[in-house]
Amino acid sequence: MEKLRLAACGIDCAECAQYKVTMKQDLAAAELLVDWFKSQGWIGEDEGAEAVMKKAPLCYGCWDITDDCFWQCGCGSIDFRVCCREKQINHCGECGDFPCEHYMKWVEMTPIHEKAMGRLLSLRDNA
């Protein structure tokens, strides 16, 4: 079993397709990203998982960011990692404003984000 590697937003990196593509060159994970990449205009309508793989590195995890990361943050649009660093906390669940408006908008995007919020709420409640 892979050790939990928690992103600032609460996603377990081992469950994240972007992280799997970068760290394991996981073609099945890349396949999960195809429709989203197409919707964002990052790959063409006739392209597939291989085109997603060519965009790597997508994500090294929030705490191992480098200049060549595709996202420059763990979520693509809202940089929870920067916010946590500024507040000197490990993840959003440690924030007194959690869940903030930005976080809730992010949660609404996909079920994996809901799972991430649940993980952070559980960590906070058990602290």
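## Ground rules and overall fold

Helices here are DSSP runs of H or I at least four residues long, strands are runs of E of at least two, and both are numbered from the N terminus. With that in hand, look at Y103 and W106: both sit in helix α5, three residues apart, or about one turn of the helix.

A word on where this comes from. This is a predicted model, in which local features need pLDDT of at least 70 and side-chain atom pairs count only at pLDDT 80 or more, while totals for chains, interfaces and linings use all residues. Residues are numbered from 1 along each chain as its sequence is written, and side-chain values use heavy atoms, with hydrogens and water left out.

The chain has six helices and zero strands, so to speak an α-α-α-α-α-α run from the N terminus on. Of its 127 residues, 39% are buried (under 20% relative accessible area; exposed is over 50% and partly exposed is in between, with a 1.4 Å probe and protein chains only). Count the contacts (heavy atoms within 4.5 Å) with a separation of 6 or more, and 45% of them join residues 24 or more positions apart.

## Two nonpolar cores

A nonpolar core is a set of buried Ala, Val, Leu, Ile, Met, Phe, Trp, Tyr and Cys residues joined through side-chain atoms within 4.5 Å. The largest one here has 21 residues, and C9, I11, F80, C92, F98, Y103 and W106 have the most contacts inside it. Three helices each supply at least two of its residues: α4 (80–87), α5 (101–107) and α6 (111–125). There's also a second, separate core of twelve residues, with A30, A49, A51 and L58 among them.

Setting aside neighbours within four places in sequence, Y103 touches C9, F80, C92, F98, H113, A116, M117 and L120.

## Helix α4, seen end-on

In α4, the buried residues are F80, R81 and C84. Looking down the axis of α4, they fall within an arc of 100°, so they line one face of the helix (the arc is taken from the directions from the helix axis to the C-beta atoms). Part of what covers them is α5. After α4 comes Q88, which has a positive phi, near 55°.

## Aromatic rings

Rings of Phe, Tyr and Trp (its six-membered ring) pair if their centres lie within 6.5 Å; planes under 30 degrees apart are stacked, over 60 edge-to-face, and the rest tilted. That rule gives seven aromatic pairs. W36 and F37 make an edge-to-face one, at 5.9 Å centre to centre with 80° between the planes. W36 is partly exposed, at 31% relative accessible area, whereas F37 is buried, at 0%.

Back to Y103 and W106: their ring centres are 5.1 Å apart and their planes are at 55°, so the pair is tilted. Both residues are buried, and together with F80 and F98 they form one aromatic cluster.

## A buried threonine

T22 belongs to helix α1 (residues 17–24). With a relative accessibility of 8%, T22 counts as buried. Leaving out neighbours within four places in sequence, T22 is in contact with P57, L58, C59 and Y60. One of these, L58, is also in the second core.
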